[in-house]
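I opened my notebook for a friendly walk through this one.

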Amino acid sequence: MKKVALVFVVAVLLPSLVLAWLAVRSLRDQQFLLERQEALLCQQVTDTLAAKISDFLAQQQQAFGVQVESLLAGRDARAVAAQFDTELRRHWPLAEVGFCVTVSGQILSPSANARAEARTFYTDNGAFLGNRETAEVYNNVNTLNFARNTANQPAAADRSFGGIADQKQVRLATASPAPAAQAPQEQVALDKMAEPVRSAVPAQKLRDESNSAGQLGFAGESPVQSPAYNYKAAQVRKVVPQSAYSQNQIQTPAPAQDVNLSRVVPAEAEFGQLIGGGTDGMLARFLQNKLRLMFWHRLSTDPDLIFGAQLDLDRVVEEIRVLVQADTDLREEICVAVLDDNAKPMTLSRAGFQAGNWKHPFVATEIGEALPHWEVAAYLVNPAQLTRAARTARLTLGLLVAVLMLAIGVGSWLIVSSLNSELKQARQKTDFVSNVSHELKTPLTSIRMFSELLAEGRVADPAKQHSYLNIITAEAARLTRLINNVLDFARLERGEKKYNFQPCDLGEIVRGVAQTFRPHLEAAGFKFDCVLPSLALAVPVNGDADALSQIIVNLLSNAEKYSADRKEIALQLERHATPLPHAEVQVLDRGLGVPRGSGEKIFEKFYRAHDSLNSGVQGSGLGLTLARQIARAHGGDVVYEPREGGGSCFMLRLPLMQIEATERHR
């Protein structure tokens, strides 16, 4: 038993408890896991939209270069430069102000007395474009030849600058030298500000990397000297995503103080330093806390002229609006918004949506240098739904774990109970063998002893001879009952016991057993009282007369064995009309009785309320078991009740047949 229990604990119970403990621990992380899954899905949406917006602006930059070359095709570039603002706005609707400057810093367009918007542009940007002062800008330079770019690599301009979604470091260097009259050739080497490596590094390190890149140039090119841009420190984002898995946290781990730093880092330089030998590019700067976005293009036929345009942001937003749509699967769950540098929504994927705080979206992605400090943000339409889903998941998993633990507990209890039952039956079978051996030995010994005395003629007294013969007869009957009980029990266990059912008089059966058993009881010193109905009053039942006789014999034998010193046995037969008509045979004694709590156990096979070897009470433990099984096969039962004044009362109850006694006797 101990070995089996140890194997069960080690192989089943302990692993089950460990798994249950791990499952309970995982319940605490359900909301975290659901938020993480939702955040990753939403982050993919915002990353994709940020990349689309960056690609759109790259395409517009390419379109601007094509427009400039188209306007100046076959015309005097210097003559067109003076009217470039008017010409560009008429042919390219995204332009708010067109400008043209020379490499040396001379502003050809717009003039100081132009229209109001152009004059404001000239006032704000004249010194910067004329290389007379530095400005803090976000710069993207394309150094590839524009004509070659548009003819052979149409996608290059799309990637000449990009947002966070590109995630690809690009180093830009000069493609061809400028004429001798121009400013000294400058090598421009810029990393994409969206690259995670540059997300939270100090400005000095960015300057060092830029200088190193400028000195190396492209593979196969001679090292050239790059201007030392004065990179500013990374700024704190205006948007603070609620999810810990938003852009910065997903891509690169960073110190706690740098977690929400912007990936877009501005550089301070003159216009000529920024464009260097590039062919086209984009500049973004903030004036009076308003974003100004400029495209510029170096004319392929006259590299000394730089044509540019300040974009109308309202029209740019209108063009972007058609791109801002959530995925079909998430359209009902989130609202996607493009936020400006002050975290104000410029366009929404769901009309009329109102966030509690626009600065705290679920996830957000910076668009990048194309629109610095602008972000694509995703907001949960129903934030409580995620909490409810997590609570439902926790409840479901909790119930599942509880059910599994209950199943493990019940299974363990059933296994232990089964083991105990098997061990108990094994012990009972061992006791049964011992009891049967003792029961067989005792009558055989008596029969042998008295038969030898009679056979050898040692007993001459006729009375003693008669007494010895009675003893031999009683012991033989006892031996027969024991063997019959064992054989009948074996047949019942195998389901082979057959009964010969037919109408019979229970009174006659009881009367016959009493007459047979009386001499034996009286010889043993018992007072045997029988209370039976008259012969004229039949007790009709349907059953096997021999089997019913065996029930009564077993009950009388049981009363005889457990009577101890008070040798009184009573046998009674009564009829009852309620609850259903039935007959009741009672066997009463004044013996040891049945211990409390064992009133039903005594009918179990091999069970002995009193150990036969220690108490001196003989028996096999099968008599009452057989009596109950036979009674139930006849539609009745055998029950026990304690007798008033001490002793036991065993009752055999059988249903009566619906037949009149007179007809029965006829």
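**Confidence.** I began with pLDDT, the predictor's confidence in each residue on a scale from 0 to 100. The chain has a mean of 77, with 78% of its residues at 70 or more. Helix 6 (residues 146–152) has the lowest confidence, at a mean of 38, and strand 8 (residues 305–311) the highest, at 95.

Residues are numbered from 1 along each chain as its sequence is written, and side-chain values use heavy atoms, with hydrogens and water left out.

Over residues 143–227 I found pLDDT under 50, with 183 contacts beyond four places in sequence in the model; contact means heavy atoms within 4.5 Å. Residues 660–666 also stay under 50, with 10 such contacts. Where pLDDT is low, predicted coordinates should not be read in detail.

**Cores.** Next I looked up the nonpolar cores, which are sets of buried Ala, Val, Leu, Ile, Met, Phe, Trp, Tyr and Cys residues joined through side-chain atoms within 4.5 Å. For burial I used relative accessible area with a 1.4 Å probe and protein chains only: buried is under 20%, exposed over 50%, and partly exposed in between. The largest core has 52 residues, and Trp92, Phe307, Ile334 and Leu371 touch the most other members. Helix 2 (residues 30–72) gives the most to this core, with 12 residues. A second, separate core holds 41 residues, including Tyr499, Ile551, Phe603 and Leu652.

**Around Trp92.** Which residues does tryptophan 92 contact, leaving aside its neighbours within four places in sequence? I listed Gln60, Ala63, Phe64, Gln67, Phe295, Ala309 and Leu311. Phe64, Trp92 and Phe295 also form one aromatic cluster. Glutamine 60 is in helix 2 and is buried at 17% relative accessibility. Beyond four places in sequence, glutamine 60 contacts Trp92, Leu94 and Phe295.

Glutamate 69 is found in helix 2 too. Its side chain makes a polar contact of 3.1 Å with that of serine 300. I took a polar contact as N or O atoms within 3.5 Å; within protein, one must be able to donate a hydrogen and the other to accept it, and residues adjacent in sequence count only if both atoms are side-chain atoms.

**Rings.** I looked up 14 aromatic pairs. Rings of Phe, Tyr and Trp (its six-membered ring) pair with centres within 6.5 Å; planes under 30 degrees apart are stacked, over 60 edge-to-face, and the rest tilted. Tyrosine 138 and phenylalanine 286 are edge-to-face, at 6.2 Å centre to centre and 85° between the planes. Tyrosine 138 lies in strand 3 (residues 135–142) and phenylalanine 286 in strand 6 (residues 280–287), so the pair ties together parts 148 residues apart in sequence. Tyrosine 138 is buried at 2%, while phenylalanine 286 is partly exposed at 27%.

The rings of phenylalanine 450 and tyrosine 468 have centres 4.7 Å apart and planes at 40°, so I noted this pair as tilted.

Key: Predicted model: local features only at pLDDT ≥ 70, side-chain atom pairs only at ≥ 80, totals over all residues. Helix = DSSP H or I, 4+ residues; strand = E, 2+ residues; numbered from the N terminus.
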